[in-house]
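I opened the model to look up a few positions. My notes follow.

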Amino acid sequence: MPETIISASILNSDLSDLRSTAKAVEKSGADWLHFDVMDGEFVENITFGSSVLAAVKPHTTAFLDVHLMAAHPQRQIKLFANAGADNITFHIESDCDPAEVIREIHALGLKAGIAVKPKTPAEAIIPYLADVDMALVMTVEPGYGGQGFIPDTLPKIRELRKAAPDLHIEVDGGINPETSKLVREAGANVLVAGTFLFRAQDMHAAAEQLR
Ligand code: DX5
Ligand code: ZN
């Protein structure tokens, strides 16, 4: 199983001051910065697009882990690649040809991830695991930070880890020291945390508590 990676989601950070947010992520020792893109169609919420990522990019050296909650991911890939993304994860439930999207992300020199919502079975993405760099198991319904962890997603993490022993398996939503233990035991190694980290007095200590 690959090493534990902490990916700090900025969705619930102080969005009025992204420069400080980016610095706080660096200081916390989190390995990646998780950028939740929501288009108001795939999920009801709308967050931020590639121009905001481009604005954040100069203020961080963190690996930019873009999570596309977008109905038509193929429309966004080049925009986020040009904005400085390092990884783009799209949802299998979106309206796209997954193999084509993966090919396009790789052709632009980025890492490619494929994501499943809580109710989508592992089988939906198993055919693509050999072609991607990461599988993302949503442990909350996509749309908002600060939701409760869904324990029914644990068997899916186990199933994906069994199918892909060396792949990055990312979990996203409701991750704190208690749920981090559960998901790591199930086989996840990339832990997205937003609310837990940005609510902490000491973000570095909080990030270490997740490892
Ligand atoms: C939800 C997002 C998550 C979320 C992080 O759609 O994908 O990244 O913001 O969740 P919390 O805040 O629970 O860590
Ligand atoms: Zn996310």
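Is Thr139 buried or exposed? Thr139 is buried, because its relative accessible area is 0%. Buried means under 20% relative accessible area, exposed over 50%, and partly exposed in between, with a 1.4 Å probe and protein chains only.

Before going on, I noted the ground rules. This is a predicted model: local features need pLDDT of at least 70, side-chain atom pairs count only at pLDDT 80 or more, and totals for chains, interfaces and linings use all residues. Residues are numbered from 1 along each chain as its sequence is written, chains are lettered from A and ligands numbered from 1 in the order in which they are written, and side-chain values use heavy atoms, without hydrogens and water.

**Thr139.** I placed Thr139 in the loop between strand E6 (134-138) and helix H5 (154-163). Helices (H or I, at least four residues) and strands (E, at least two) are DSSP runs, numbered from the N terminus. I then listed contacts (heavy atoms within 4.5 Å). Leaving aside neighbours within four places in sequence, Thr139 touches Val171, Asp172 and Gly173, among others.

**Zinc site.** His34 (NE2), Asp36 (OD), His67 (ND1) and Asp172 (OD) coordinate the zinc ion (ligand 2) at 2.0 to 2.2 Å. Donors are N, O and S atoms within 2.8 Å of the metal (3.2 Å for Na, K and Ca); water is not among the atoms, so sites may look incomplete. The donor residues are spaced H-x1-D-x30-H-x104-D in sequence. Asp36 sits in strand E2 (residues 32-38) and Asp172 in strand E7 (residues 168-172), so the pair ties together parts 136 residues apart in sequence. Both Asp36 and Asp172 are buried.

**Ligand 1.** I checked its surroundings next. Of the 20 residues around ligand 1, those that come nearest include Asp36 and Asp172. Around means that a heavy atom of the residue lies within 4 Å. I looked up polar contacts too (pairs of N or O atoms within 3.5 Å; within protein, one must be able to donate a hydrogen and the other to accept it, and residues adjacent in sequence count only if both atoms are side-chain atoms). A polar side-chain atom of Asp36 is 2.8 Å from an oxygen atom of ligand 1. For a side-chain N or O atom of His67, the distance to a ligand 1 oxygen is 3.4 Å. A polar backbone atom of Gly143 lies 2.8 Å from an oxygen atom of ligand 1.

**Ile125.** My last stop was Ile125, in the loop between strand E5 (111-116) and E6. Ile125 is buried, with a relative accessible area of 0%. Its contacts beyond four places in sequence include Ile92, Ala135 and Leu160.
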